[in-house]
Amino acid sequence: MTQLILRRLLMSIPLLLVVSLVVFVLGSLVPGDPAQTILGVDATPDAVAALRDKLGLDQPWYAQYFHWLSGVFHGDLGTSLYSGEPVVTTLAERLPVTLSLVSLSTLFCMVVGIGFGMLSAVRGGFLGRVVDTLSLAGLALPNFWVAVVLVTLFAVKLRVFPATGYTPLMTSPFYWIVGLVLPVCALSLAGIATIAKQTRSAVLDVLDRDYVRTFRASGVSEWSVLLKHALRNASIPVASVIGIHAIASLDATVFVENVFVLPGMGSLATQATLDHDLPVIEGVALYFTVIVIVVNLCVDIAYGLLNPKVRTA
Amino acid sequence: MIRLPSVPVVGVKLAATAAVAAVALTACSGGAPSTSSSSASDKLTVQFTGPPVSLNPALGSNGESAIFTALAYDPLVYLSGDGKLVPDLATSWQYVGTGNKVFEITLRDGVKFDDGSTMDANAVVGSLKYFLSAKGPMVAHAGKISSIEAVGTNKVRITYAQPNPDAALSLTQYNEFGLIISPKGVADPTSLLKTSAGTGAYTFDSQDSVTNSSYVYKKNPNYWEPSAQKFQTVNVKVIGDPNAVLSAITTGQVDNAGGSANTAASAKAAGINILTAPFFNWSLNLLDRDGSVSKPLADVRVRQAIALAFDRASLATALGGDYGKPSTQDMLPGTDGYMSNDPGYSYDLNKAKQLMAEAGYASGFEMPVITTSVLDKNTTISQAISQSLGAIGIKVDLHVEATGMSQYSSGVVSKKYAAAIFPTAGSDMMQFYQQDLATGVSQNPENSTDPQLESLYQQALAAPTDSDRTSLYQQMSKRLEDLAWIVPIYAPQTLWFNGKNLHNVSVSATNPNPLPEAPDPSLAWTLGS
């Protein structure tokens with residue numbers, strides 16, 4: 001298992017380099033001049049040129065990239081062209097929001113999705129069809145629409161949850177969780193649907209196996225058959241889907257954070273892109289990549305725990 | 001069907017208890033986890049659509065974004081919501097001699113900066129000079145200045161290279177120039193991104209703020225007019241999405257927000273107070289007045305025909321609903337230069353066609369026009385303008401610049417387009433001239449000049465009295481109407497949503513961007529039922 005983790009971590013280094021290079025090149029190719037954006041459309045060409053020189057934007061893209069990269073190796077992700085704040089500081093403020101959102105959504109999807117999937121597989125019949133239908137609906141409904149409906153119903157009409165804003169966990173755990181209820185629900189609908197459907201199929205497949213019949217014939221309790229044997233074996237494909245959901249929800253934070261006005265990395269990425277703030281875009285991309293690597297690593301570890309053969313592969 | 005194993009009773013009880021507790025906790029919250037509360041009169045939360053360009057006044061931007069700097073930095077002159085110039089750090093001001101070139105201000109005594117140092121003439125001179133040297137976005141609004149000098153300990157004299165009748169206006173909070181930074185702040189401008197260094201009613205608190213998201217200002221304990229400090233904290237929240245703005249204002253999470261015509265009906269239905277003010281004109285700027293891109297535009301009859309081709313009343317209703325007004329002059333009603341006795345450009349298709357025929361273009365022509373979807377979302381305004389021109393045979397080849405404002409500006413000055421669709425300043429003739437008519441500005445890429453217009457402008461700059469200047473501005477409006485260089489179409493109203501408990505907010509055509517703080521207690525916003 002340790003070798004597996006080390007191998008994965010080593011493989012992540014070139015991945016991070018490639019991602020940072022691609023983002024930098026693409027960011028440089030996007031039309032737009034941060035100096036012009038900062039100074040406005042009425043700025044004189046001299047003022048724009050002076051600011052470009054000050055920000056180092058007059059250098060070729062590769063020179064800017066290597067300058068940025070050398071900073072990264074010293075723990076410096078550069079400075080925002082717009083706010084003048086170190087990117088590391090900006091990201092440190094934003095990371096807990098996005099991590100809260102993604103981790104709670106993943107947890108919520110796991111519990112509800114696996115629960116629904118199990119229930120559907122065990123009960124079958126009408127309930128199974130209901131779960132199937134709800135799964136399709138969950139996949140079909142666009143997240144942004146779900147978000148707007150949730151805000152209108154639960155925040156504006158019923159006033160049970162806040163419409164916008166974020167309270168840090170350390171400030172108030174209660175308000176932290178209450179403030180994240182609607183964003184997490186908006187983010188989780190598709191994930192719940194996918195996980196429920198995957199769990200149902202996998203559990204049904206396992207329950208049809210000979211060894212399950214043997215367990216039952218031997219008088220092993222139904223709870224034990226379901227949770228200890230069937231769910232464990234069905235969990236391998238489900239773990240993949242959970243990992244995919246966690247990664248996909250990173251993308252979805254971009255709009256969820258904008259709708260619910262959460263100061264996370266998604267909204268930061270949007271603003272930085274509009275501002276052509278390349279150091280911030282790079283920082284966000286790097287953090288997102290690290291999160292993806294960590295999620296994949298967790299999935300690999302889960303595989304290893306669920307299936308001993310993987311550990312030696 | 002497989003029989004589901006029975007669940008232990010204790011599990012059911014725990015689950016039920018947890019569910020009840022969750023519902024109870026949620027009900028208790030009552031939507032309370034807001035970081036704001038309209039009922040708490042010590043805390044004001046306002047919305048702004050984007051992050052500040054900079055927290056350093058010398059690098060900050062104008063308009064409503066001035067809130068980020070004006071809360072912590074007092075201006076020399078305060079522009080009230082109804083457009084009046086009110087003494088702030090300057091208790092009085094006047095031009096010295098004739099010609100509006102030498103402007104002298106007298107400073108308030110006993111004012112201290114955040115760091116405890118005294119605000120005096122030397123500090124003000126240092127701040128004004130730093131503003132000019134920083135070359136921020138607002139530097140052009142300061143005017144062409146020859147010198148800034150201290151006259152004694154409490155007077156500052158600004159000498160302009162050319163007459164500037166709007167010197168006092170340039171020193172208000174909306175132009176950033178007049179926001180005074182302490183000598184310590186001027187010596188270390190980088191520090192201004194984390195701490196404020198002004199004399200304002202509030203001080204910036206970087207600890208409680210989140211960059212690009214929430215900017216917190218706390219009451220300044222050393223403010224020179226404590227009765228004007230109505231709040232313990234002011235939180236400026238960055239919310240860009242109009243629907244999120246609507247949710248935030250209707251649930252009381254923010255007390256004041258910039259509104260949108262699309263969400264105004266819902267806000268009104270929710271009992272939100274809506275304030276409106278005209279601000280600018282959506283205009284068709286006929287850039288190619290020499291006819292180098294589109295020859296017909298060199299003929300004034302063609303330009304006048306274009307000006308007559310718009311059914312502005314219908315367009316305003318279609319594009320702005322209840323919050324759009326037809327605009328027949330470059331200056332808006334209620335502003336200096338508006339001609340109340342002149343209807344301006346009317347809608348007269350027959351006359352427009354006749355003018356086109358007289359100019360030799362009865363069958364019309366084609367012209368390339370540039371617009372930007374950054375400002376004209378979905379290009380509905382641009383398409384409406386283009387379609388109207390079709391009625392007199394002009395076929396518009398519309399180029400939509402979607403990538404950003406700098407690309408749009410590059411397109412405007414590229415001399416590839418005969419016209420541009422863009423908002424033009426409608427509340428101040430001098431600003432309109434400097435931004436859209438002067439030679440060297442992006443909205444006048446051909447550097448078109450008109451001797452009569454230039455003469456009127458120069459006379460207006462040096463006008464000895466306000467009434468003389470108003471008269472000259474009106475003559476400029478008339479001349480602009482005859483030239484038909486820039487054709488106004490309609491004026492969208494700036495909307496402000498105010499919570500039920502927010503009071504004393506006012507807006508006008510000359511100041512459509514209200515601010516919570518004011519040097520006079522009677523002008524500051526208040527919260528209360």
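Predicted model: local features only at pLDDT ≥ 70, side-chain atom pairs only at ≥ 80, totals over all residues.
Start with confidence in chain A. The mean pLDDT of chain A is 86. Of its residues, 97% reach 70 or more. Helix α5 of chain A, residues 87-123, has the highest confidence, with a mean of 92. Helix α13 of chain A, residues 308-311, has the lowest, with a mean of 65.

Now turn to the sheet in chain B. Four strands make up an open, antiparallel sheet. Their order is β4-β5-β7-β6. At the edges lie β4 (90-96) and β6 (145-151) of chain B, each of which pairs on one side only. Neighbouring strands in this sheet are turned against each other by 15° on average, direction ignored. Strands of a sheet pair through backbone hydrogen bonds, and the pairing can be parallel or antiparallel.

Look inside the sheet next. Strand β5 (residues 102-107) and strand β7 (residues 155-160) of chain B run antiparallel and are joined by five bridges. Within this pair, T106(B) stands opposite K155(B) in β7(B). A helix also packs on the sheet: α3 of chain B, residues 121-134. Helix α3 touches β5, β6 and β7 of chain B. Its direction makes about 165° with that of β6(B).

Over all chains, a search of the whole structure finds 13 salt bridges. One of them is in chain A, where E222(A) pairs with R216(A). Their closest N and O atoms are 2.8 Å apart. R216(A) counts as partly exposed, because its relative accessibility is 28%.

D299(B) and R301(B) form a salt bridge, with the closest N and O atoms 2.9 Å apart. D299(B) has a relative accessible area of 18%, so it counts as buried, the cut-off being under 20%. R301(B) is partly exposed at 31%.

R469(B) and D466(B) also meet in a salt bridge, at 3.5 Å from N to O. Where do these two residues sit? Both belong to helix α15 (residues 466-483) of chain B. They are three residues apart, so about one helical turn separates them. Their surroundings can be read from accessibility. R469(B) is buried, with a relative accessible area of 11%. D466(B) is exposed, with a relative accessibility of 54%.

Salt bridges can also link up. In chain B, D205(B), D208(B) and K218(B) are joined in a network of them.

Terms used
Residues numbered from 1 in each chain as written. Chains lettered and ligands numbered in written order. Heavy atoms only, no water. pLDDT = per-residue confidence, 0-100. Helix = DSSP H or I, 4+ residues; strand = E, 2+ residues; numbered from the N terminus. Salt bridge = Lys/Arg side-chain N within 4 Å of Asp/Glu carboxyl O. Buried < 20%, exposed > 50% of the residue type's maximum accessible area, 1.4 Å probe, protein only. Pairing = 2+ DSSP bridges. Axes fitted to C-alpha atoms, helices over the stretch in contact; angles between N-to-C directions. Contact = heavy atoms within 4.5 Å.
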